[in-house]
Structure formats: structure tokens, C-alpha cells
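Let's take a walk through this model together, one region at a time.

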Amino acid sequence: MARRYAARRDVNHSEIEAVFRQMLGDHVTDSSGWGDGAGDLFVSFGKIHHFIEIKRDDKAEYTAMQIRFQNTHPYAVIRCDSIEDAARISAEIRSRAMMEALSDVQV
């Protein structure tokens with residue numbers, strides 16, 4: 001039987017989540033308790049969807065489960081170490097969603 005360790009939120013989780021909520025509205029779900037290596041947040045905007053893995057800083061390493069999840073779901077997880085990262089990632093997600101929406105518009 002696999003051992004389940006208590007999920008710990010990184011110290012910067014709340015402030016990073018707040019940035020995503022400010023920039024992406026209600027398109028943010030705290031997924032930190034889901035387990036199996038899924039990211040700490042699930043964010044979406046338009047047709048763009050990602051897990052966000054929050055780390056306390058750029059030196060923090062992934063767990064074995066997080067690596068396994070990322071190998072199973074390539075490009076689904078984006079690492080975020082700071083509120084500046086959160087703002088940049090949110091802006092990129094919004095931009096990609098807008099470009100996707102424009103490409104769907106038929107003339």
C-alpha cells in the first residue's frame with residue numbers, strides 16, 4: 001500500500017494563488033490536496049489549461065510523484081516560484097487564450 005504523506009503548502013502559496021485569481025478571475029482551483037503529483041493550482045482561461053506547481057524558490061526540487069506526473073502529462077505543469085512568475089505566467093496564459101479565440105473566429 002502506498003504511503004500518503006500530508007500535503008504541505010509552500011509558504012508563498014497564498015500570495016501566488018492571489019495573483020492568479022486577480023489575473024485569471026475565477027478560473028483558478030486549489031489542487032494542492034489532489035495528490036499523485038498534480039500541481040498546486042489548476043488554472044484555465046479560454047481553451048488554455050495548466051497545473052501550476054508552486055515552489056518556495058528556484059532551488060526547490062520536484063518530488064518523485066511530481067516528476068512522474070509531469071512525465072505522464074508533458075506540458076501540463078508550469079513551475080512558479082514567485083509572485084512575479086505568477087504575473088508573467090498569467091499574462092502568457094491570457095495572451096495564448098486570446099490568440100486561440102481569434103484563430104477560432106471565422107471571417
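**A walk through the chain**

D36 is found in the loop between β1 and β2 (41-45). Helices and strands here are DSSP runs, numbered from the N terminus, where helices are H or I with at least four residues and strands are E with at least two. This is a predicted model, in which local features need pLDDT of at least 70 and side-chain atom pairs count only at pLDDT 80 or more, while totals for chains, interfaces and linings use all residues. Residues are numbered from 1 along each chain as its sequence is written, and side-chain values use heavy atoms, with hydrogens and water left out.

D36 has a positive phi of about 60°, although it is not a glycine. D36 is also exposed, because its relative accessible area is 58%. The cut-offs for these words are simple: buried means under 20% relative accessible area, exposed means over 50%, and partly exposed lies in between, with a 1.4 Å probe and protein chains only. Which other residue has a positive phi although it is not a glycine? Look at Y75, with a phi of about 70°. Y75 lies in the loop between α2 (64-72) and β4 (77-80), and with a relative accessible area of 76% it is exposed.

Now zoom out to the whole chain. Its secondary structure comes to three helices and four strands, and along the sequence these follow the pattern α-β-β-β-α-β-α. The C-alpha trace spans about 55 × 30 × 25 Å along its principal axes. The chain has 107 residues, and 37% of them count as buried.

Next, find the two helices α1 and α3. Helix α1 (residues 13-24) packs with α3 at an angle of about 25°, and their axes are 9 Å apart. The axes are lines fitted to C-alpha atoms, for helices over the stretch in contact, and the angles run from 0 to 180 degrees between N-to-C directions. α1 and α3 are therefore roughly parallel to each other. For such angles, under 35 degrees counts as roughly parallel, over 145 as roughly antiparallel, 65 to 115 as roughly perpendicular, and the rest as oblique. The crossing of α1 and α3 is right-handed; that is the case when the near helix is turned clockwise from the far one by less than a right angle, and anticlockwise makes a crossing left-handed.

Stay with α3 for a moment. A91 lies in this helix, and its 38% relative accessibility makes A91 count as partly exposed. A91 and M23 are 68 residues apart in sequence, yet 7.6 Å apart in space, C-alpha to C-alpha. A101 also has its place in helix α3 and counts as partly exposed, at 39% relative accessibility. The C-alpha atoms of A101 and I89 are separated by 18 Å, with the two residues twelve apart along the chain.

L102 is found in helix α3 (residues 83-104) as well. L102 counts as exposed, at 57% relative accessibility. Together with M99 and V105, L102 forms a nonpolar patch on the surface, with about 330 Å² of accessible area in total. Patches are made of residues with over 30% relative accessible area and no salt bridge, joining like charges within 9 Å and nonpolar side chains (Val, Leu, Ile, Met, Phe, Trp, Tyr) within 5 Å. The areas come from the Shrake-Rupley method with a 1.4 Å probe, and for residues only the protein chains shown count as cover.

Finally, turn to the charged side chains. How many salt bridges does the structure hold? There are nine, each being a side-chain nitrogen of Lys or Arg within 4 Å of a carboxyl oxygen of Asp or Glu. R9, E17, R21 and D30 are linked in a network of such bridges. In one of its links, E17 and R9 meet at 3.7 Å, N to O. E17 counts as buried at 11% relative accessibility, whereas R9 is partly exposed at 43%. R9 also meets D30, at 3.4 Å, N to O. This pair links distant parts of the chain, with R9 in the segment before α1 and D30 in strand β1 (residues 28-30), 21 residues apart. D30 counts as partly exposed, at 26% relative accessibility.

Another salt bridge joins the side chains of R79 and D81, at 2.9 Å, N to O. R79 is partly exposed, with a relative accessible area of 22%, and D81 counts as buried at 16% relative accessibility.
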